[in-house]
Amino acid sequence: MSAPTPDITLYTFGTPNGFKASVTLEELGIPYKAEIINISQNTQKEPWFLEINPNGRIPAIKDGELRVFETGAIMLYVTEKYDKENKISFPYGSDEYWEMMSWLMFQMGGVGPMQGQANHFIAMAKVKSEYGIERYVEETKRLYSVLESRLKDHDWLVDNKYSLADIANFCWVRAAYMIEIDLNQFPGVKKWVDRIEAREAVQKGVKVGAMKSPEEMKEMFAGMRAKIAAMNNSDKH
């Protein structure tokens, strides 16, 4: 039986979740079309897009007529269908597969949501909440310390191999600057981020949907944080 032929359109924008999908596709060398969904204009809420992802979030893909949404599902779908050599995955049911799944779910249930909330309160909220900022920034740091517990003496999260577990967590951790976390506090994590950032496929993947350069992003978020910092506290509880 011949290998399946991908017919993938990636609907995405330049966010950590968007990069999780594009980096995965780039690492596997899978041909795909990228359709940029400008979330600043709420394109993701338009009826045509809700037919692809009823949750109204990026990224999503269509492979032929099949839709797949939510980043974890996209990453697992792409590797299970097209990564037959387990380049960035592990054989289904193996011990390494379940370890990979554990770190993937750690990102989806922990790093992504907590860092996303930290980013909201520190840079995007309409009112200043010291409680919200402290709660979510400190929880993000705690999650980084969990990554550090593994990466302080290992190159990768699972076995001795770069995998989906690394891609998923990396795409969020590389954006630590948005909430003013200095990765030098987590030396193992810092080396791991630098190691992944140097990969050619990653460099391609993090450009998909990006509207600004990394330097412009850092400048923009510094301004957003300064605006929040200048507000009077609305929640001191």
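The model is predicted, so local features need pLDDT of at least 70 and side-chain atom pairs count only at pLDDT 80 or more, whereas totals for chains, interfaces and linings use all residues. Residues are numbered from 1 along each chain as its sequence is written, and side-chain values use heavy atoms, with hydrogens and water left out.

The term denotes a side-chain nitrogen of Lys or Arg within 4 Å of a carboxyl oxygen of Asp or Glu. D7 lies in the segment before β1 (8-12) and K33 in strand β2 (residues 32-36), so the pair ties together parts 26 residues apart in sequence. Strands (E, at least two residues) and helices (H or I, at least four) are DSSP runs numbered from the N terminus. D7 is partly exposed, at 42%.

Move on to helix α7 and select D194 and K190, four residues apart and separated by about one helical turn. Their side chains form a salt bridge of 2.8 Å, N to O. D194 is partly exposed at 39%, as is K190 at 27%.

Finally, select R195 and D155, whose closest N and O atoms are 3.6 Å apart in a salt bridge. Both are partly exposed, D155 at 45% and R195 at 28%. In total, the model has 12 salt bridges.

Methods. Buried means under 20% relative accessible area, exposed over 50%, partly exposed in between (1.4 Å probe, protein chains only).
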